[in-house]
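Trainee: Can you walk me through this one? I'd like to start with the contacts.

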Amino acid sequence: APIHASIVRIGFDRRDSLAIPSESDVREIEMAIRQAKRTTDFLVTGLNYNWEFSQSQNSMGQVPKGLQMLAQAAIDAGSNIVFGSGAHRILPIQKYKGGYIFYGTGNFFFQLFEGNEPAGRYGLFPETQAKIRSYIGRSEYFESFLIRVILSQGKIFRVDLIPFVLSPEGDPSMANDKQAFWILDFSKKTSKELVTTINIDE
């Protein structure tokens, strides 16, 4: 069967420090999800944003209220999974009303480097180059995980996280035991605040 996709642009009310999404935009995304749900049994909604734990924020930092509202509204409207992208680090996971919200899984490919400098071939803006330079040598930007979702009778039966790491050049490979435990333990700790339990198989 073909895959259908549509783009819905979301605005945020910047008067609120937590960037609350505007009501009209939330209604628009809910309507798009309900329409998509009529033609599919299992629906994944992708959200792209630019939030991540700041350098000064500890790893237990809360997901902003506005982002939680938007992701949960997507589940309420009929999505089975909400997949967040745009952040370059692993963010919390939330089990919500039978669905799952992955606020961020890190980078899968991150081939933006030539040695210790941003790759010139992409023509990046100076401010973007400066941000990329700040990632060099920081392992949290080179850790990630794949998501394997196992269904039973059309419902989510189990979700597996498969850790991997990126080379300094941004190429992915499977994580070793030590790296895998660190990635999964980080996800477990940060997701606990969202009342989501992650079990780590030894």
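Mentor: Of the contacts in the chain with a separation of 6 or more, 53% are between residues 24 or more positions apart; contact means heavy atoms within 4.5 Å. This is a predicted model, where local features need pLDDT of at least 70, side-chain atom pairs count only at pLDDT 80 or more, and totals for chains, interfaces and linings use all residues. Residues are numbered from 1 along each chain as its sequence is written, and side-chain values use heavy atoms, with hydrogens and water left out.

Trainee: OK. How many helices and strands in the chain?

Mentor: Four helices and 11 strands, taken as DSSP runs numbered from the N terminus (helices H or I, at least four residues; strands E, at least two).

Trainee: In what order do the three strands of the open sheet come?

Mentor: The order is β9-β10-β11, with antiparallel pairing; two strands pair if DSSP finds at least two bridges between them.

Trainee: Why is one side of β9 and of β11 left without a neighbour?

Mentor: β9 (143-152) and β11 (172-174) are at the edges and each has a single partner strand, so one side of each has no neighbour in the sheet.

Trainee: And over how many bridges do β10 and β11 pair?

Mentor: Three, for β10 (residues 155-166) with β11. Leu166 has Pro172 in β11 as its bridge partner.

Trainee: Which strands does helix α4 touch?

Mentor: Helix α4 (residues 177-192) packs on the sheet and touches β9 and β10.

Trainee: Changing topic: what share of the 202 residues is buried?

Mentor: Buried residues make up 42%, where buried means under 20% relative accessible area, exposed over 50% and partly exposed in between (1.4 Å probe, protein chains only).

Trainee: Where does Phe109 lie?

Mentor: In the loop between β6 (99-102) and β7 (113-114).

How values were computed
Axes are lines fitted to C-alpha atoms, for helices over the stretch in contact, and angles run from 0 to 180 degrees between N-to-C directions.
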